[in-house]
Amino acid sequence: MKEISEKFCKGHHIIYLLIFIISCTAEKDNNLGMIIDDAYINLPLKGQMISVGYFKLSNNSSETKVVNKIFCQDLNASLHTSYLNSEGMLTMKPIKDILIERNSAIIFQPGSHHVMISGLKSSLELGSVLECNLIIDKTKELTIAFALK
């Protein structure tokens, strides 16, 4: 009976470990009902101190949320969007107050919404993580951990 009990417990530890690993693949703030997936920044070119950040932001709450701005300690960060101007050239402009409807998502990706980050240190390397905070509904913060690719 003791062998059966030990095997049963060992099997459950594996299940709990898998649940833990899966839950760590996305950042979630349970108070906001928002999830950040696949947050990354391209490693700046040598000698450059600016880069672009991308991620998916899901609003799983029952209310519309507003992303007001982003800030990263000791860096300049701002939300931007890309669009085609009247001459057909792709250009970008700063944005704020991005509405995310309830039970929907917005993807920050090349050619669309993105985060411009300047003031990066040359010591950054692949695999480093840069933490920033999104300001939601003017008073709440949601931490976003950008992996450097």
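The torsion about the S-S bond of C72 and C132 is about 100°, so this disulfide is right-handed. The two cysteines bring together distant parts of the chain, as they lie 60 residues apart. C72 belongs to the loop between strand 4 (65–71) and strand 5 (76–84), while C132 sits in strand 10 (residues 129–136). Their sulfur atoms are 1.9 Å apart, and both C72 and C132 are buried. The structure holds one disulfide, and please keep in mind that this is a predicted model.

Next, let us turn to the backbone.

| Residue | Phi | Relative accessible area |
|---|---|---|
| D97 | about 55° | 39% |
| N103 | near 50° | 53% |

D97 has a positive phi although it is not a glycine, and you can find D97 in the loop between strand 6 (90–94) and strand 7 (98–100). For N103, too, phi is positive in a residue other than glycine; N103 is placed in the loop between strand 7 and strand 8 (104–108). Are these residues buried or exposed? D97 is partly exposed, whereas N103 is exposed, because its relative accessible area is 53%.

One last stop is H113, a residue of strand 9 (residues 113–118). Which side chain does H113 join through a polar contact of 3.0 Å? The partner is T81. Leaving aside neighbours within four places in sequence, H113 is also in contact with other residues, including H80, I95, I98 and F108.

Note on methods:
Residues are numbered from 1 along each chain as its sequence is written. This is a predicted model: local features need pLDDT of at least 70, side-chain atom pairs count only at pLDDT 80 or more; totals for chains, interfaces and linings use all residues. Side-chain values use heavy atoms; hydrogens and water are left out. Helices (H or I, at least four residues) and strands (E, at least two) are DSSP runs, numbered from the N terminus. A polar contact is a pair of N or O atoms within 3.5 Å; within protein, one must be able to donate a hydrogen and the other to accept it, and residues adjacent in sequence count only if both atoms are side-chain atoms. Contact means heavy atoms within 4.5 Å. Buried means under 20% relative accessible area, exposed over 50%, partly exposed in between (1.4 Å probe, protein chains only). A disulfide is a pair of cysteine sulfur atoms within 2.5 Å.
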